[in-house]
Amino acid sequence: MSSDSSLHSAPPASEPAARAAALRTELQRHNYAYYVLDAPTIPDAAYDSLFIELQQIEQAHPDLATPDSPTQRVGGAPLALFEQVRHALPMLSLGNGFDDDDIIAFDKRVADGLEASGAVEYAAELKFDGLAISLRYENGRLVQAATRGDGSTGENVTANIRTIRAIPLTLHTETPPAVLEVRGEVLMYKADFEQLNRRQRDAGMKEFANPRNAAAGSLRQLDSRITAGRALRFFAYGIGVLDGIAMPSSHSALLDWYRQIGLPVCGERAVLHGADALLHFYRGIAVKRADLPYEIDGVVYKVNRLSQQQQLGFVSRAPRFALAHKFPAEEALTQVLGIGVQVGRTGAITPVARLKPVFVGGVTVTNATLHNEDEVRRKDIQIGDTVSVRRAGDVIPEVIAHVPEMRPADARPFVMPTACPVCGSPIVRLEDESVARCSGGWIKCAAQRKGGLQHFASRRAMDIEGLGDQLIEQLVDKHVIVTAADLYKLGLSALSELDRMAEKSAQNVLAALEKSKSTTLARFIYALGIRHTGEATAKELARHFGNLDAILDATEEQLLEVADIGPVVARALREFLDQPLNRELIEQLRAAGVHWDETATRDRGKRPLAGMIFVLTGSLPTLTRDAAAAKIEEAGGKVTGSVSKKTNYVVAGAEAGSKLDKAEQLGIAILDENAFLQLLEQA
């Protein structure tokens, strides 16, 4: 597991800003891996834990919420390889429930919202472990298919969807609607997945981790002939736009109609009344789960009457009328054959259990994270132990506990190495940290170098398109580059000689590197990979100091004057900036031509929106939230995630939810996109 395990150990409660920033960075990275790369890096259960922790911090400290927080977003950004498709209606995700109390609370919220006197009627169905898709039919003919993407914009995969035989190219009706957007899931059956992996093995190719990855990877092939050779299936479960005929009165009626017009609908569904019936359905499906021909990770409850769904409405990222009741993460017993360590981007040393292969949740597992040395001691995991391993959709699961009565006489305790296994530098652990780290840094440690360069090139940092993980690994392993500044010294011949790097691809990377030289101060600070300095902190630093030299010269006391920066972050910043190698790197990057417009930050007191606080909610017609936030910040304003008396403006789009309601209650000025753009022009 390559992720930095330092996030699994929360800092003291006095540092909520640092923890929130770290969680946002971690969750965004996992979102990208899961939704865009189809290569999840942590179990769903671990992701849910991080997500809930961030929600709790943002609820307790509303000013820490940011527009780009994973709690405000759905999924991840679409791949650039496909044409972009903007959804007529956003494809939102669902809130999650994990135990009986969550379901009872959901039912109560729904009943209170509807002012219902009796039991609420629900439609209950399965939560598939596949890829969400929107199919657009015009006058009965399939004209477009798009992935969920970030919820507002997805990828055009029409050519590949057309290869799935389960999806009708023409609806089976003589009176089709003018427009119908069907929401559903593309998935692969377990038996088909096993056959696909058998073919991959026979061909000497990499196997897929699980059916979801196989389905997503098959659907994202640029060559639709490859997709046609994969046995993909589809189930419809929702609706976007419907024009030309009346909307069915209920969700169950909608699915019945889908079946009539030739759209596949899962038969494992029911119309139920009240929380007790929902829980009974959930337990029944849990019993059937192993025997189902496809993977599921829970069930979904939706208020059945569509008029009542409209009455309940939405919050920013999910409907109020629906909930996903997720199954507990799957577990299995196996033996620990050994315990090694991995080195993360910041040098964090993560113990990893090497396991006797075990089949858990559809995947053969051979490695599992142990997080840090304290966790190994707390759980008393030894080499030779029989352990419980939890997995829910990732390659490297988690060791939960050992079975004491099965410990062999020759079991051996784990000993944390004193030297980095990659570079041989001493491993150190500060008194106030739970994580041991390699002291080698970028220059000495190839693992940190790779992780740091991957972070530097990432979309929210320097955004160097085409400079992916595999290319960076080659550049480091072949000693072509050592620091980020070396990226800007690359030439066409050096890139063209790398594996799978044709001259055209090399030219594209060089063009992306040149383009990345023009950035922002906040992106540059974030790209440096300073511990505890996420995107929000980088923006605050840029906003407060206005230029890089002022940040470089700032004392810890001056850094503490920046909003949301506490002692730990200030100390980490100062330690990073005081290291000669880091100062040299910054100067080399500037000398290579990396630059930004400092006029806006230098004259930040004169900027038209200076001191104004904005909240973004809902989906704007043409602007993404990131783009709208960037415009506000460029003009000197600040974007927060919650509405308060200090808020100056709320910019609201479709499905605005509770933030819009609160703004109206407080009498705060509300702008649509046009009014917002006019404000920017007039300011």
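User: How many aromatic pairs does the structure hold?

Analyst: A pair of aromatic rings is described by the distance of the centres and the angle of the planes. Here, rings of Phe, Tyr and Trp (its six-membered ring) pair if their centres lie within 6.5 Å; planes under 30 degrees apart count as stacked, over 60 as edge-to-face and the rest as tilted. The structure holds eleven such pairs. One of them, F128 with Y294, is edge-to-face, at 5.7 Å centre to centre and 75° between the planes. F128 lies in strand β3 (residues 121-128) and Y294 in the loop between α9 (274-288) and β10 (296-303), so this pair ties together parts that are 166 residues apart in sequence. Helices (H or I, at least four residues) and strands (E, at least two) are DSSP runs, numbered from the N terminus.

This is a predicted model: local features need pLDDT of at least 70, side-chain atom pairs count only at pLDDT 80 or more, and totals for chains, interfaces and linings use all residues. Residues are numbered from 1 along each chain as its sequence is written, and side-chain values use heavy atoms, with hydrogens and water left out.

User: Are F128 and Y294 buried or exposed?

Analyst: Buried means under 20% relative accessible area, exposed over 50%, partly exposed in between (1.4 Å probe, protein chains only). Both F128 and Y294 are buried.

User: Why does the pair of F614 and Y649 count as stacked?

Analyst: The ring centres of F614 and Y649 are 5.3 Å apart and the planes are at 25°, so the pair is stacked. F614 is in strand β23 (residues 613-617) and Y649 in strand β25 (residues 649-652), so parts 35 residues apart in sequence are tied together. F614 and Y649 are buried.

User: Which residues do ring pairs link into a cluster?

Analyst: The cluster holds F128, Y189, F235 and Y294. A charge sits over a ring if NZ of Lys or CZ of Arg is within 6 Å of the ring centre and within 35 degrees of the ring normal. R233 lies over the face of Y189, 3.7 Å from the ring centre.

User: What is the strand order in the open sheet of five strands?

Analyst: Two strands pair if DSSP finds at least two bridges between them. The order is β2-β11-β10-β3-β9, with mixed pairing. Strands β2 (96-97) and β9 (270-273) are the edges, each pairing on one side only. β3 and β10 run antiparallel, joined by seven bridges. K127 has G298 in β10 as its bridge partner.

User: Which residues touch the most other members of the largest nonpolar core?

Analyst: A nonpolar core is a set of buried Ala, Val, Leu, Ile, Met, Phe, Trp, Tyr and Cys residues joined through side-chain atoms within 4.5 Å. The largest has 55 residues, and I464, L487 and L589 touch the most other members. Helix α18 (residues 521-527) gives the most to this core, with six residues. Contact means heavy atoms within 4.5 Å. Not counting residues up to four places away in sequence, L487 touches L453, F456, I464, L467, L475, I481 and L513.

User: How many disulfides does a search of the whole structure find?

Analyst: A disulfide is a covalent bond between the sulfur atoms of two cysteines. The cut-off is a pair of cysteine sulfur atoms within 2.5 Å. The search finds zero. The sulfur of C423 has its closest cysteine sulfur in C438, at 3.5 Å, too far for a bond. C423 is partly exposed, at 25% relative accessible area, and C266 is buried, at 8%.
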